[in-house]
Every structure is written in C-alpha cells, then in structure tokens.
Amino acid sequence: ADGKPVFFVASRGHHADIGGITPGSMPPHSKTLVEEGMCVESFKLVDGGAWQEAGVVALLNSPAAFEGCAAARKIPDNLSDLRAQVAANQKGITLVQDLISEFGLDVVQAYMIHIQKNAEVAVRELLQRVAKTAQKEASSAPTAGSKRSLEGGNKATPGGGGKVVLEAEDFMDDGTRIKLRVDVDGSDGTAHFDFSGTGPEVLGNCNAPKAVTFSAIIYALRCMVARDIPLNQGCLTPVRVSIPEGCILAPGPDAAVVGGNVLTSQRVVDVVLKAFHACAASQGCMNNVTFGDESFGYYETIAGGAGAGPSWHGRSGVHTHMTNTRITDVEILERRFPILVRQFGLRSGSGGEGAFRGGDGTIRELELRRALQLSVLTERR
C-alpha cells in the first residue's frame, strides 16, 4: 500500500552443515560462535530479481578463515536448500496476494488482528484460571523444586482476581541454574516471567539467545491454553519477560549457542511447565547426533520420553517440546550415507514408575561403514 510493505512472509529451515569445527555444525565442545559455522546478521539472497550466488558461496566458505574451522562441507546442498526457501517465500507472496485480491486488504488485515487478539484472550483466560487454582492449592504440599505462594495473602475476587507467585528451577548438567518466578495477576490475566537468579553465560555452547527463551514461553503457554489456537505473537501480549543480561539465557554476541537452541531450550520449557504444575519434565534435550567428513555432514535428533501429567502417562519415543523435527527413514539414511542402523526402538521401563508413568526413551545403534567424525550433543544421559 503506497509503496510500503503490508505483509512479510518467511520460511524457516535447518541447514545440516554450515561449516565450523565438526561436520553437521553442532559441535558438542564449541566455545565461540565462529566454531559453529557461518555467521550472518543479514544478507539479501535475491537483489533486483537476481540470485546472489557468489555472495552466498563466499559466506558458506567464510568459516574456513578461522583456525580449526572448515567451510560448509556440501555447498551445492546449501544452495539448493536456500533456493527452495526463496521459492517458498515466493509461494507465500502469491497466496497472500490471492487473499487480498479476493477479500480486500482491509478485511485480510482485520482477520490477522483477530487471530492475534484471539490468542491474547486465550492466554489471559489461562492466567486467570491459574491464579484462581493456585490460590485454592496454596496451602497444599508443593511439588519438589517448585512452589506457589500468594502475594500479600489471599486477594481473590469473585471474578477470579488476586495475585499469585509461581516459582520453579532446574539445572543443566554442568550445574547452571535455570530459575523462574512468574507473577500472575488474575484480575486482568497478565504475567511477569522473571529469570533473575539464572546462572551466568558459560564457556561452552549451552548459552541460549533471548529469542530461544521467548519461543519456549510462547510454546508452553500455547500448550496450556484451553483453546486450539494458531501460534502467533498475540500469545505474548499479556506477558512481560525479564532476562538478566550476561546470563545463560542472554549471552554476549560471540558466545557459542548451538546447545542453547537444542538443550537449554528444553530445560526452559520444563521449568515453565513445572512452575505451572502442568506436567513432569521430558527427556530434557534433543539428543543431537551429527556425523560426516570433509565431503558431507548429516544431522539428526533422536526421540525420547515425554513427561507424565496429572491424569495421563507420558508418550514413549517421541520428539518433545522444542524438537519439531522428523528423523530420516532408515532406508533413505542407509542408501544415502555410509552407515547402518543396527537397532532403533524403545528402551522399555526407562520412563519411570508412578501413578502415571513417564514415557520411555529410545535406543539407537549405528554402525559406520567408513571412518567418519561423529558428535553427540545431549544431556541427562
């Protein structure tokens, strides 16, 4: 409208190898961001309708400039994947234009606002329900490692008002604390998520950029709402988030972060769900396995067990919470890569006993058919 953008479309993809110190670009021992492969703040893939291949190739080769690091190991695959994402964006543009042509810009934008407003209302209702329930349960025995308390005594109102405090914490394998306090105001259905007391940035790769924590919060809230709503920013309208600078959830710009995205994110989700007494912890990581050599890199995440809830058993052998990936079919994996899958199944009885059992984990046994570098990035083993 008037030469200004009215919508943005985006496609998100995971590139299996972008260089760095190990094939697959998910090194378990990285200490700086450059060791994890290509770093890009912003680059225009298509300029004036022209695909900027030379610039992309230069970026994919850039990690080799750092000691111990390699360039992306299969650049043609990266280029094909990026072209596919550009094509996906173009398809998105076409679909949005079709919507506008059929219904008009004002109607389409109005419905976009309605979708966000609906998500906001759903989260406000959740927070009001949590406040009301927490006040009833305030005098009961707290879950280990978490507690609920009333602010200034019982301030419940007939409309479900009153303020409650939810608290929980958990730890990374190195002992780094993830601490959360949630101040819920039941009168208007708002909440303040405060991560003060969380451990500092680490000399490793479990540092998580702030966006990871926001993603974990919006995911957990969407899981707990009573409605089936599309994921959108409206979920966070009633929420304020405080993350201390320099902690493991707000690291510096050069910090290694691959573990933060796939391990710390899971711990944040577990802590949020623990504070809300929603369910038990999951496997707590994504079980990242990468292997390859100078010619290729392959990356997969292996399923595990989901935590049980107040009235249900946890699911076995599934990707939980922040793991939204599917593993490659065995037949395709063995056909394309020098590897054999000797075993892949449930680890019976590993989920834990209880009135409602935790989901069982998995066993995955791989046999390499030639010398490869294999890395495992995981926790709680």
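Q: Before we start, what does buried mean here?
A: Buried means under 20% relative accessible area, taken with a 1.4 Å probe and protein chains only; the model itself is predicted.

Q: OK, and is Phe291 buried or exposed, and what about Phe296?
A: Both Phe291 and Phe296 are buried.

Q: How many aromatic pairs does the structure hold?
A: There are six aromatic pairs in the structure, and one of them joins Phe291 to Phe296 in an edge-to-face arrangement, with 6.3 Å from centre to centre and 80° between the planes.

Q: What about Phe291 and Tyr298, how are those rings set?
A: Phe291 and Tyr298 make a tilted aromatic pair, with their centres 5.0 Å apart and their planes at 40°, and Tyr298, like Phe291, is buried.

Q: Which residues form the aromatic cluster with Phe291?
A: Phe291 belongs to one aromatic cluster together with Phe296, Tyr298 and Phe337.

Q: Switching topic, where does the charged end of Arg364 sit?
A: The charged end of Arg364 is placed over the ring of Phe344, at 4.5 Å from the centre of that ring.

Q: And the second largest pocket, how much space lies in there?
A: The second largest pocket holds about 630 Å³ of space, and its lining is made up of 28 residues, with Gln283, Asn287, Gly361, Thr362 and Arg381 lying nearest the centre.

Q: Which strand gives the most to that lining?
A: That is β11, which contributes five residues to the lining of the second largest pocket, while β8 (288-293) and β12 (373-377) are also among the elements that each supply at least two.

Q: How does the lining divide by residue type?
A: The lining of the second largest pocket comprises 14 polar, nine nonpolar and five charged residues.

Technical notes:
Residues numbered from 1 in each chain as written. Predicted model: local features only at pLDDT ≥ 70, side-chain atom pairs only at ≥ 80, totals over all residues. Heavy atoms only, no water. Phe/Tyr/Trp six-rings, centres within 6.5 Å; stacked < 30°, edge-to-face > 60°. Buried < 20%, exposed > 50% of the residue type's maximum accessible area, 1.4 Å probe, protein only. Lys NZ or Arg CZ within 6 Å of the ring centre and 35° of its normal. 1 Å grid on protein atoms, 1.4 Å probe; cavity = no way out; pocket = protein on both sides within 12 Å on 5 of 7 lines; lining within 4 Å. Points joined across faces, edges and corners; volume = space filled by probe spheres on them. Helix = DSSP H or I, 4+ residues; strand = E, 2+ residues; numbered from the N terminus. Nonpolar A, V, L, I, M, F, W, Y, C, P; charged D, E, K, R; others polar.
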